[in-house]
Amino acid sequence: MSTVSVRDVTVAFESVRVFDRLSLDVEQGELLVLLGPSGCGKSTLLNAIAGLLEVETGQIWIGDRNVTWDEPKDRGIAMVFQSYALYPRMNVRGNLSFGLRMAKTPKDEIDRRVAQAASMLHIEQLLDRRPDQLSGGQRQRVAIGRALVRDAAVFLFDEPLSNLDAQLRNELRDEIKRLHHRLAATTMIYVTHDQIEAMTLADRIAVMKDQKIQQLGTPLDLYYRPANLFVAGFVGSPRMNFVEGTLEQAETGPAFAAGKRHLPLDGYPFTRPPEPGRAVTLGIRPEHIALNGAGNWDGFTVDIVEPLGADNLVWCTDGGLSLEVRTSGEQAIRPGMPMALGIDPRRVSLFAAEGGERL
Amino acid sequence: MTAAEPAGRRPRHVTWGRIGVYAFLLASALFFLLPLWIMLLTSVKTMDEIRLGNILALPADPTFQPWIAAWSEACTGLACDGIQVGFWNSVRILIPSVILSILIGALNGYALSFWRVRGAEVLFAVLLIGAFIPYQVFLYPLVRLFSVFGIYNSLTGIVIVHIVFGMPIMTLLFRNFYSSLPRELFNAARIDGGGFATIFLRVMLPMSTPMLIVAVILQVTGIWNDFILGLTFAGRENLPMTVQLNNIVNSVQGERAYNVDMAATVLTALVPLVVYFASGRWFVRGIAAGAVKG
């Protein structure tokens with residue numbers, strides 16, 4: 001039942017500013033992912049929202065309450081940590097109920113909530129075990145359960161899946177997504193450096209780098225219309241192809257030129273009037289290049305092929321330029337084959353070479 | 001013929017080096033065990049047999065009379081109640097000193113590692129420096145201070161002295177242990193609504209078993225073996241066992257009763273000995289854990 005609002009917040013460690021006057025609004029019931037490389041300040045921001053770190057300036061609002069000076073336990077939040085942080089000397093039941101016991105909740109209410117959380121996460125048969133008798137995936141389920149029983153309005157996840165192996169990570173990711181649907185009124189803030197986690201879970205993603213929010217938008221926004229070079233390169237796997245070049249004014253309209261290659265940009269949604277002669281970087285998603293289609297860029301040969309089953313990742317090169325192309329896995333493609341590449345100008349992204357912002 | 005191919009477990013050979021190592025270890029063990037052996041032998045001999053001077057000979061007529069005498073009849077100056085008086089004094093000093101010094105050390109370590117105490121680093125450094133200043137420097141100022149507060153020559157006084165002198169090493173031990181625990185655990189407990197005391201008592205202390213055992217060993221042996229602090233601060237009524245032992249051995253009228261002295265010495269050494277034997281494994285483990293993580 002709560003929005004989360006971060007207003008002009010500064011956090012500093014010993015006079016080093018971790019971030020400066022940062023603002024962010026999370027809507028009620030939304031799952032917002034803070035995505036960024038390590039050291040970008042995303043976990044620090046989460047800790048500030050949780051009240052585990054003091055802010056130097058600004059305010060934090062949860063719902064219609066200013067919680068800037070409140071203790072973590074009084075903010076109506078629950079948190080899940082990367083290292084699970086289960087209490088090692090308590091069994092699972094003790095871990096789940098610790099917060100409720102601290103809050104002097106009646107015994108039957110505790111039992112009811114623990115049973116409910118345990119059945120939601122399929123950990124009923126583990127209630128009497130100690131954390132060191134659980135596997136990593138089970139531990140993280142218990143940690144999520146500990147957050148669930150608190151019945152909090154806001155859930156904070158601090159890289160909850162980073163310590164798990166790939167298969168468990170997928171499994172628990174689905175579990176968290178399901179949880180988010182079931183607890184439709186609960187606001188969730190989720191920190192990760194994994195862009196696939198971010199894309200699959202988020203209602204909106206805030207991409208952070210260098211202590212700043214680079215772009216805030218829906219996953220598809222970020223994917224198709226990245227606001228700058230960093231976001232374009234960070235989101236999406238395999239990575240977006242980048243080609244350095246200049247903007248030109250051809251007879252038919254603006255065009256991109258890199259050496260002997262040209263790409264007319266009619267139909268490209270410019271965010272500002274194109275300036276001919278400007279140095280730019282062209283970004284093309286691997287799946288937006290057609291092999292042997294309407295080949296407007298020819299003279300490539302296949303360098304290597306990485307089969308993924310459903311897809312093939314094909315590296316094509318013309319000697320100078322190397323582009324990665326995603327294509328159907330059923331096409332028989334071998335290294336050395338000549339290729340013409342079809343690039344749709346409506347689906348590329350154009351960035352200023354200097355500064356990296358979207359044009 | 002084919003040479004033996006390496007397969008399976010590699011054969012071990014007895015080398016001269018190995019024999020040397022074992023010889024050295026054996027010699028060292030003998031060196032330390034021999035005095036104990038002689039003490040035990042002498043304590044069960046009669047004075048007549050001791051006078052013969054064969055200190056390594058087995059007792060011809062074993063008797064436990066010297067042990068009984070040492071425990072309940074040996075004289076320290078005018079009183080002849082044996083060393084049992086000192087034993088019970090030491091127990092009375094030991095129990096509150098050990099419990100309180102460990103609790104305070106653990107609490108200090110917890111506060112210094114998890115709560116953002118203003119000037120925590122400086123505080124900790126000062127505490128550590130305290131551990132390296134020789135006791136003797138403190139003796140006289142503390143005597144003056146204690147007599148001002150009226151606790152000089154009292155049980156309270158000696159317990160406070162032991163707590164204060166134990167604090168640096170106890171704090172160091174627990175601070176290093178708590179610093180090695182993930183901070184997220186503490187954060188989780190804070191979100192769950194634990195305060196300063198609840199997190200300490202319900203989350204941190206139950207996890208500290210290995211460190212608690214190490215601390216008990218260090219403090220029990222240290223406080224039991226103390227001589228100078230007990231002599232200075234405890235007062236005549238509360239003199240610990242070590243001081244009483246010294247008085248028994250040194251207050252001689254007529255012939256020196258070697259067997260009684262030996263029995264009294266072994267009795268005094270019994271508590272630390274039992275602690276080492278009972279917990280040697282834990283002790284090494286705790287020290288090693290502190291060394292790797294600290």
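Author: Axes are lines fitted to C-alpha atoms, for helices over the stretch in contact, and angles run from 0 to 180 degrees between N-to-C directions. Helices (H or I, at least four residues) and strands (E, at least two) are DSSP runs, numbered from the N terminus. This is a predicted model, in which local features need pLDDT of at least 70 and side-chain atom pairs count only at pLDDT 80 or more, while totals for chains, interfaces and linings use all residues. Residues are numbered from 1 along each chain as its sequence is written, and chains are lettered from A and ligands numbered from 1 in the order in which they are written.

Reader: At roughly what angle do the axes of helix α2 and helix α3 of chain A cross?

Author: Two packed helices are described by the angle between their axes and the distance between the axes. Here α2(A), residues 92-102, and α3(A), residues 107-120, have axes that come within 10 Å and cross at roughly 135°. That makes α2(A) oblique to α3(A); angles under 35 degrees count as roughly parallel, over 145 as roughly antiparallel, 65 to 115 as roughly perpendicular and the rest as oblique. The contact (C-beta atoms, placed from the backbone, within 7 Å) joins A:Arg93, A:Leu96, A:Ser97, A:Leu100 and A:Arg101 of α2(A) to A:Ile110, A:Arg113, A:Val114 and A:Ala117 of α3(A). By class there are five nonpolar, one polar and three charged residues, where Ala, Val, Leu, Ile, Met, Phe, Trp, Tyr, Cys and Pro count as nonpolar, Asp, Glu, Lys and Arg as charged, and the others, Gly among them, as polar.

Reader: Where is A:Lys104 found, and what is its phi near?

Author: Most residues other than glycine have a negative phi, and most peptide bonds are trans. A:Lys104, in the loop between α2 and α3 of chain A, has a positive phi near 55°. In the loop between α8 (229-234) and β11 (241-249) of chain A lies A:Pro238; a cis peptide bond, with omega about 0°, joins A:Ser237 to A:Pro238.

Reader: How do the axes of α7 and α10 of chain B cross?

Author: The axes of α7(B), residues 155-179, and α10(B), residues 209-225, come within 11 Å and cross at roughly 155°. That makes the pair roughly antiparallel. Their contact has 10 nonpolar, three polar and no charged residues. Among the residues that meet are B:Phe174 and B:Phe177 in α7(B) and B:Leu218 and B:Ile223 in α10(B).

Reader: Where in α7(B) does a kink lie?

Author: The bend at a residue is the angle between axes fitted to the seven residues ending there and the seven starting there. In α7(B) a kink of about 45° lies at B:Met167, shortly before the proline B:Pro168. Another partner of this helix is α4(B), residues 84-114: the axes of α4(B) and α7(B) come within 6 Å and cross at roughly 35°. Their contact divides into 19 nonpolar, 10 polar and two charged residues.

Reader: How many residues of chain B are in contact with chain A?

Author: In chain B, 14 residues are in contact with 17 residues of chain A. α8(B) gives the most to this side of chain B, with six residues. The side divides into seven nonpolar, four polar and three charged residues.

Terms used: Contact = placed C-beta atoms within 7 Å.
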